[in-house]
Amino acid sequence: MTVNLAGPPADHDQAPLLSLVDVTKHYRPGGLLARSAAPVQAVSDVSLDIAAGSTLGIVGESGCGKSTLGRMVVGLEKPTMGEVRLRGTSLSAMSRPERRTARYDVQMMFQDPYAALNPRMTLAHIIEEPLRAKGGLTSQQRRSHVRQLAEETGLSVSQLDRYPRELSGGQRQRVGLARALATSPALIVADEPVSALDVSVRSQILNLMTALQDEHQLSYLMVSHDLTVIHYLADHIAVMYLGQIVESGSPAALFSAPAHHYTRALLDAVPEPVPGRVGPISSIRGELPSASEPPSGCRFRTRCPAARARCAEQVPRLREFGPGHRAACHFPLTEPVPAPAADVREAP
Amino acid sequence: MSGSVLRVSDLDVDIRLRRSVVHAVRGVSLEVAEGETVGIVGESGCGKSTLGLALAGLLPGNTTVRGSIRLGDRELAGLAERDLRRVRGTEVGIVFQDPMTSLNPTLRIGAQVGEAMRVQMGATKAEARAAAAEMLELVGLPRPAEQLDRFPHELSGGMRQRVVIAAALVCRPKLLIADEPTTALDVTTQAQIMDLFDRLRQTLGMATLLITHDMGVVAGHADRVFVMYAGREAETGRTAEIFDQPRHQYTAALLDSVLRLGTPRKSELATIPGRPPDLTATVAGCPFVPRCPAASAECSAQFPPVSGAGSHHWLCHHPVSQDEDSRVTEAPR
Amino acid sequence: MSLENVTTVLSGDEPGGVPEAEASGGWLWLRAFADNKLAVAGLVVVVVLTLFSFLGPLFYHTDQIHTRIGMETLKPGAGHPLGTDDVGYDQLGRLMVGGQTTLEVAFGAAAVAVIVGVTWGAVAGYLGGFIDALMMRIVDALLAIPALLLLLYLATVFQPNVVMLIVVVGLTAWLVPARLVRGEALTLRTREYVLAAKTMGVRTPTLIGRHIVTNSIGTILVNATFQVADAILVVAALSFLGLGIAPPATNWGAMLSNGLNYTYSGYWWLTYPPGIAIVLTVVAFNLIGDGLRDAFGLDTRRR
């Protein structure tokens with residue numbers, strides 16, 4: 001079993017806030033006729049750590065499994081294999097009421113500002129909902145909490161009695177953020193939080209997210225296909241392709257010296273707003289293979305410019321390329337650091 | 001002026017809603033020369049998509065159009081639907097954002113790509129099929145002859161977009177209008193499609209109107225840029241001029257707020273405060289006033305006149321001065 | 001704006017950029033409904049007929065309990081604007097009393113149908129999987145039973161009264177709203193705001209009520225108006241077949257069926273008033289339903 005380890009070099013005494021250990025998610029296609037078809041391998045053997053107060057960015061394109069990963073962290077889906085651990089305790093080992101309490105510690109911010117808010121509820125009710133679900137506060141206390149959250153996220157209190165349709169995309173994302181903060185979570189999973197927003201509004205929301213992180217010691221699990229956003233916000237980055245982590249490391253390491261060809265391709269494809277360049281260069285060919293029949297060996301080999309025979313025969317292991325920088329490739333772009341046996345961390 | 005494929009003069013588009021009128025496009029004038037790619041950029045609600053629809057002749061019934069749209073030597077504004085249909089497909093090709101909905105799921109690829117040839121140019125089935133195959137090869141589909149008989153759902157998003165492009169270009173139109181052609185695609189697919197546009201431009205020589213909100217795409221693929229705000233022109237110029245020396249306050253603010261790989265991590269990002277204006281209101285002065293750092297009384301009173309020289313002009317009372325500008329032009333790679 | 005957003009602007013419901021500044025909050029549909037003249041006309045007709053039936057007798061006193069031999073089938077004239085019926089009741093007064101019963105049963109049955117149907121459909125659609133399959137197969141099976149025959153049977157076994165009619169008509173009519181709301185629930189359960197509620201730990205019943213049902217309100221209201229219209233017709237049909245409520249109570253259907261016995265005698269005031277009342281009410285509710293459907297933007301729904 002490939003051990004994909006991604007995460008900042010954590011100190012071993014303190015359990016990370018959230019860990020994914022060998023998490024796999026397979027979907028069985030439904031219906032009688034499709035029963036015998038191969039399952040869709042959305043996520044395969046992913047292990048990740050998120051430390052308190054830090055941001056882990058997961059970047060990848062459609063079909064890489066990053067959204068599924070986000071949903072498993074939040075509890076909307078259960079892994080087929082492997083565990084999601086909050087502060088060292090596996091979610092599946094918890095009793096139902098324990099899991100409900102754990103929920104309040106991990107909340108989610110959604111991508112589509114137009115679908116993330118119930119159009120028939122006022123903003124105040126939307127932000128209040130998690131507090132009502134959690135219980136333990138009077139309606140007066142809830143109201144004042146909501147007001148405080150609104151102020152913190154840049155919404156004017158007078159807007160609280162309005163409906164989502166009257167707001168712009170950016171304002172709706174603020175509401176989404178306020179709602180995610182309501183139960184004072186330790187971790188917020190942000191699934192493409194700014195992709196649907198205009199460029200000038202994106203920076204408003206990103207500024208807000210950074211400020212809130214400092215203010216509340218929040219951790220973020222940021223999932224996006226947009227490298228510039230991930231680079232800006234994340235302390236540590238994991239690159240996913242077809243359900244697996246192919247490279248992980250600090251933003252500086254990944255962007256100055258990527259080891260994996262897919263990371264290189266993603267970097268090359270980012271359209272930089274600088275005139276006079278040749279423009280984005282596409283260095284990979286072909287199409288995404290089917291997630292129910294992934295290629296043998298290295299899953300990226302069908303599109304990789306450097307693929308050779310070995311790539312089809314053997315699944316590449318994650319190797320070290322620097323502190324906290326790991327990649328799984330047989331013919332990487334840079335030289336791996338020779339790994340002394342003791343340095344490879346197994347999943348506890 | 002000869003050599004211009006498209007010339008738009010003083011175009012106004014109003015959309016009549018149940019209780020109000022949206023002034024989606026106001027007083028827009030622009031020109032596209034042969035073989036040139038002009039990028040129309042702006043954010044939500046700036047009117048660029050409405051402009052695209054107007055130029056394609058695809059506005060619905062509840063709209064009023066004033067002004068002139070000249071394609072070559074023919075006036076398009078006010079043309080009857082029947083004549084517009086002839087123009088579309090043969091002289092103007094259109095590519096929309098979502099490849100999922102741009103193709104009819106019940107028709108085969110070959111039929112859809114060849115449709116314009118058969119309907120507009122009276123080609124026979126065989127001729128249309130051959131032209132379709134040739135076009136599919138040109139857009140880089142593997143095994144084009146096989147693809148002719150497949151259905152859209154059998155292809156991926158990137159391949160579907162290529163098919164849409166093939167269908168738009170099969171009659172070799174003079175002008176291609178592409179409205180957010182890569183927004184719904186992954187970034188690596190986006191790069192492939194933009195490469196394709198560049199290649200096609202070299203091979204077929206058509207002029208392109210690239211409508212997008214993505215400044216990066218425009219920087220790498222457009223010859224000239226037309227910046228829109230609140231339905232109006234804000235600034236126009238060659239790509240290098242716009243990116244290196246933006247003069248309109250909006251253009252400068254927009255470029256400042258674009259996130260790049262080089263943006264320092266977790267730094268305070270530049271933003272444009274407020275939100276885009278309500279297009280149902282008619283404002284006397286410059287629509288950017290509520291959000292502009294340099295706004296003055298003059299700006300609220302009077303809509304700015306055109307200033308500038310040569311290929312670069314802007315509509316701003318207090319443009320960014322030349323020495324203020326210290327834009328980074330080298331990409332840190 | 002992408003093309004999609006442009007076309008939504010062009011059709012009048014912009015998601016967020018161009019606010020329809022006049023209508024705020026969740027009542028945009030009311031504004032749209034008010035603009036629809038036919039729909040408003042329908043509403044006016046319903047209100048007028050309801051007032052007529054329930055408040056009319058306060059102003060126009062007639063004896064609707066005792067029959068009066070010797071006063072039968074009088075032509076409309078002094079003292080009896082619509083004449084009398086075959087047992088001497090004043091016809092205009094009868095119309096009012098009949099209207100009360102008709103409207104009570106219609107509204108009541110519609111309410112039962114909607115409440116039961118919406119709950120059933122929302123739960124089935126939201127939970128999905130095996131439970132959904134089971135619940136909807138039950139609906140399918142019940143749909144196969146012809147409602148009218150069932151009602152006829154029940155009517156022969158029990159002597160119908162208003163409450164029983166409401167329950168029985170309602171319980172045969174809930175199947176359609178159940179199907180409709182289940183369809184909505186299937187769509188809505190993947191919406192991000194529903195996922196958000198799940199993430200927050202909102203309990204399932206609350207979630208279904210707060211998020212699924214409230215966002216199906218358009219479909220529900222439209223269907224409810226058609227339910228009322230249908231119930232009127234069903235009650236009229238039952239009475240027509242002689243299985244209505246016992247006298248001296250009556251309803252428009254009973255009056256109509258009664259009056260038809262005298263078609264050849266030329267006593268038009270026995271048939272036209274109740275007939276017109278039925279038609280007016282049903283058409284009015286249909287217009288309201290259509291108006292609501294347009295106001296909510298539900299183009300391609302079945303009833």
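**Note on a predicted three-chain model**

1. R143(B) sits in the loop between α5 (125-138) and α6 (144-147) of chain B. Helices are DSSP runs of H or I with at least four residues, strands are runs of E with at least two, and both are numbered from the N terminus. Although R143(B) is not a glycine, its phi is positive, at about 50°. R143(B) counts as exposed because it has 10 C-beta neighbours inside 10 Å. The cut-offs are 20 or more other C-beta atoms within 10 Å of a residue's own for buried, 12 or fewer for exposed, and partly exposed in between, with C-beta atoms placed from the backbone.

2. This is a predicted model, in which local features need pLDDT of at least 70, side-chain atom pairs count only at pLDDT 80 or more, and totals for chains, interfaces and linings use all residues. Residues are numbered from 1 along each chain as its sequence is written, while chains are lettered from A and ligands numbered from 1 in the order in which they are written.

3. Confidence comes next. For the complex, the predictor gives an ipTM of 0.84 and a pTM of 0.83. Chain C has a mean pLDDT (the predictor's confidence in each residue, from 0 to 100) of 82, with 89% of its residues at 70 or more. Over residues 1-25 of chain C the pLDDT stays under 50. For that stretch the model has 58 contacts beyond four places in sequence; a contact requires that the C-beta atoms of two residues, placed from the backbone, lie within 7 Å.

4. D10(B) also has a positive phi of about 50° without being a glycine. D10(B) belongs to strand β1 (residues 4-16) of chain B. With 11 other C-beta atoms within 10 Å, D10(B) is exposed.

5. Chain B is divided into domain 1 (4-222) and domain 2 (229-324); the bounds come from an automatic or database domain assignment. Taken over C-alpha atoms, the centres of these two domains of chain B are 28 Å apart. Their contact takes 19 residues from domain 1 and 14 residues from domain 2. On the domain 1 side, β2 (21-33) and α9 (215-221) of chain B each supply at least two residues. The largest share of that side, nine residues, comes from β2(B). By class, the domain 1 side has ten nonpolar, seven polar and two charged residues. Here Ala, Val, Leu, Ile, Met, Phe, Trp, Tyr, Cys and Pro count as nonpolar, Asp, Glu, Lys and Arg as charged, and the others, Gly among them, as polar.

6. Chain A has ten helices and 13 strands. Of its 348 residues, 55% are buried. Among contacts in chain A between residues at least 6 apart in sequence, 66% join residues at least 24 apart.

7. In the contact between chains A and B, chain A gives 40 residues and chain B 45 residues. Helices α6 (199-216), α7 (227-233), α8 (251-256) and α9 (261-269) of chain A each supply at least two residues of the chain A side. The most comes from α6(A), with eight residues. The chain A side has 20 nonpolar, 14 polar and six charged residues.

8. D161(A) lies in the loop between α4 (139-152) and α5 (169-181) of chain A. It is exposed, with 12 other C-beta atoms within 10 Å. D161(A) touches T122(A) and A124(A), not counting residues up to four places away in sequence. M121(A) is 40 residues from D161(A) in sequence and 9.0 Å away in space, C-alpha to C-alpha.

9. The end C-alpha atoms of helix α7 (residues 162-173) of chain C are 16 Å apart, which agrees with the 16 Å that its twelve residues should span at 1.5 Å a residue; the expected span is 1.5 Å times one less than the number of residues. Buried residues in α7(C) include L165(C), I166(C), V168(C) and V169(C). Their cover includes α4 (91-127), α6 (147-157), α8 and α11 (217-240) of chain C.

10. The largest nonpolar core has 267 residues, of which V170(B), L175(B), V169(C) and A231(C) touch the most other members. Such a core is a set of buried Ala, Val, Leu, Ile, Met, Phe, Trp, Tyr and Cys residues joined through C-beta atoms within 7 Å. Its largest share, 17 residues, comes from α4(C). Domain 1 and domain 2 of chain B each contribute at least three residues. Not counting residues up to four places away in sequence, A231(C) touches V105(C), A106(C), A109(C), A110(C), V169(C) and A173(C).
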